Amino acid sequence: MTVFLAALVAVAVAVLAWVLTYVAAQGLKYLGPAFFTHTPPGNPASYGGGYANGIVGSLIIVGLATLISVPFGVAAAVAIVEYGGRFTAAVSFITDVLVGVPTIVTGAFIYVIWVTHFGFSGLAGSFALALVMLPLVIRATAEMLRLVPVHLREASAALGVSRARTIVSVVLPSARAGITTGVFLAVARAMGETAPLLLTALGNQEFMQLHPTQRMSTLSLQIFTDAITGFQAAQARAWAGALTLIIIVLLFAIGARVIGRRTSVTRS
Amino acid sequence: MSLAEPADTPSGLQIPARRGTADSAGARIEVSNLTASYRGRPAITDVTLTMRPGQVTALIGPSGCGKSTLLRCLNGLHVTVPGASVTGGVYLDGTDIYGRDVDLVSVRRRVGMVFQRPNPFPTMSIADNVAAGLKFGPRKERRARKLDEVVERSLTQAGLWEEVKDRLSRPGASLSGGQQQRLCIARALAVEPEALLMDEPCSALDPVSTEIIEGLISDLKQDYTVVIVTHNMQQAHRVSDITAFMTVHSPGSPGELVEAASTHELFSQPVEQATIDYISGKVG
């Protein structure tokens with residue numbers, strides 16, 4: 001039994017390691033400082049250039065999506081866990097459904113309600129990603145709130161602290177490390193999303209766009225665009241972009257760990 | 001909700017609220033025909049008992065007799081549990097805390113509580129733990145006090161100041177179990193309650209810490225009405241002035257108050273057979 005389990009674990013780890021080393025090997029062929037500072041060349045068939053606009057676009061779009069989804073997500077989780085009742089049971093159910101919605105559908109939804117009125121934009125992409133992140137944030141936060149022991153809530157209540165203040169000052173700080181980790185995982189997921197952005201942010205291979213009301217590129221969109229061309233130069237850039245994306249996600253995961261560890265021991 | 005109006009209660013001496021007057025002692029707590037239930041099933045039934053200022057009242061009895069439930073009714077913590085309810089009255093200086101116009105959150109500022117397991121807030125420092133009740137309390141109270149002074153005064157009262165004064169910004173959870181429990185006592189005292197409820201405060205502690213906290217209880221009764229739930233009859237004997245014995249007559253039936261008397265009297269000449277059986281070690 002132990003040997004069997006060990007073999008399965010070894011296979012799983014080996015596949016993951018294979019993916020990572022393959023992407024790293026392919027990506028490192030092309031990855032250099034210029035990749036982070038230049039936009040793609042005008043002709044996708046030619047070498048040179050980088051994904052600077054995609055990296056910046058990803059950070060802006062995912063950043064906005066985080067700003068939108070975290071307050072709503074945490075509030076919804078607090079309502080579900082701390083208050084309960086029929087309405088919040090419905091919210092909880094909808095959250096579970098929302099997790100299962102294919103992200104291309106989310107993109108199509110934002111296309112219909114926003115893009116058809118205001119055009120393609122980074123902001124529309126943020127809305128789509130916020131919808132992708134929202135159920136993840138709600139679930140992660142709700143799980144963490146449930147882990148906060150009842151005796152801490154009672155300790156606060158016994159001091160004559162109101163329920164709302166107990167949630168804000170005792171329960172949420174106690175769960176902060178876990179909530180932060182959950183949010184970072186949602187951010188990492190959003191970073192890699194491509195489908196919901198195709199119909200919303202659209203992409204922009206030409207130049208650096210900092211204004212979220214305009215169509216924007218992201219790392220994932222640039223990887224997609226370059227990977228489906230037949231040009232070797234474009235595909236090389238896509239590999240480098242894929243490696244960059246993995247590194248960014250890894251940095252977020254490490255960041256989540258560091259923040260989680262620090263806030264769990266020090267004062268509020 | 002109450003069976004009796006506040007005016008009808010046997011509240012012999014009315015003690016004014018203690019705010020600002022350090023020499024008066026505690027609040028009088030009268031429990032009248034109290035029945036407390038969880039999801040319709042009574043956990044204690046028809047309890048009538050008075051807890052007086054300047055005295056330590058011990059609640060003793062076998063497991064499941066409802067002594068913790070009774071304690072949790074005295075500050076309204078019982079009704080924060082989903083499905084929990086009470087009938088009858090708990091009068092704090094003559095006011096029914098379950099009365100229609102009474103805010104239980106403000107009742108809990110007058111009736112503090114210490115739990116069985118030390119439960120300092122894990123995200124906060126020692127000083128922040130002590131000040132938590134004030135910092136998170138009503139806005140006007142927050143402004144009126146100097147937190148540093150309150151922290152020092154409360155920790156001194158709890159006999160912890162000398163041990164922690166050089167590390168007030170360390171996490172509360174870094175202390176030993178006995179120190180954490182005294183930290184919780186300091187936290188409860190910081191909001192200047194009139195009564196202090198203690199739910200088996202020493203059962204998770206070693207003998208040395210227990211002795212320290214028992215000494216503390218004797219000091220605290222000068223200024224507070226102290227109610228302590230304990231499993232330990234020797235402890236009740238050592239620290240309390242009044243002892244109330246509770247029991248269950250059969251498994252699953254609600255707990256009842258059998259008798260309450262001065263501690264010396266209850267242990268030396270109990271009236272009821274159930275009390276005699278329990279304190280002589282036949283049951284429990």
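**Reading the terms against the model**

Q: What makes the span of helix H6 (residues 122–147) of chain A close to the expected one?
A: In this predicted model, H6(A) has 26 residues and reaches 36 Å from its first C-alpha to its last.

Q: Why is H6(A) called largely enclosed by the rest of the structure?
A: A residue counts as buried if 20 or more other C-beta atoms lie within 10 Å of its own. Of the 26 residues of H6(A), 23 are buried, and therefore the helix is described as largely enclosed by the rest of the structure.

Q: How do you know which helix of chain A has the lowest confidence and which the highest?
A: The comparison rests on mean pLDDT, a score that runs from 0 to 100. Helix H11 (residues 232–265) of chain A is lowest at a mean of 85, whereas helix H5 (residues 103–118) of chain A is highest at 96. Chain A as a whole averages 92, with 97% of the residues scoring at least 70.

Q: What makes S2 and S5 of chain B the edge strands?
A: Chain B has an open sheet of four strands in the order S2-S1-S4-S5, with antiparallel pairing. Strand S2 (41–51) and strand S5 (95–96) each pair on one side only, and they are the edge strands.

Q: How do you know that strand S1 (residues 29–38) and strand S4 (residues 84–92) of chain B pair?
A: Pairing requires at least two bridges between the strands, and S1(B) and S4(B) are joined over eight bridges in the antiparallel sense. B:Ala36 stands opposite B:Val86 in S4(B).

Q: What makes a residue of chain B part of the side that touches chain A, and how many are there?
A: Two residues are in contact if their C-beta atoms lie within 7 Å, and 27 residues of chain B are in contact with 18 residues of chain A. H2(B) gives the most to this side of chain B, with four residues. By class, this side has twelve nonpolar, ten polar and five charged residues.

Note on methods
Residues are numbered from 1 along each chain as its sequence is written. Chains are lettered from A and ligands numbered from 1 in the order in which they are written. This is a predicted model: local features need pLDDT of at least 70, side-chain atom pairs count only at pLDDT 80 or more; totals for chains, interfaces and linings use all residues. Helices (H or I, at least four residues) and strands (E, at least two) are DSSP runs, numbered from the N terminus. Ala, Val, Leu, Ile, Met, Phe, Trp, Tyr, Cys and Pro count as nonpolar, Asp, Glu, Lys and Arg as charged, and the others, Gly among them, as polar. The expected span of a helix is 1.5 Å times one less than its number of residues. A residue is buried if 20 or more other C-beta atoms lie within 10 Å of its own, exposed if 12 or fewer, and partly exposed in between; C-beta atoms are placed from the backbone. pLDDT is the predictor's confidence in each residue, from 0 to 100.
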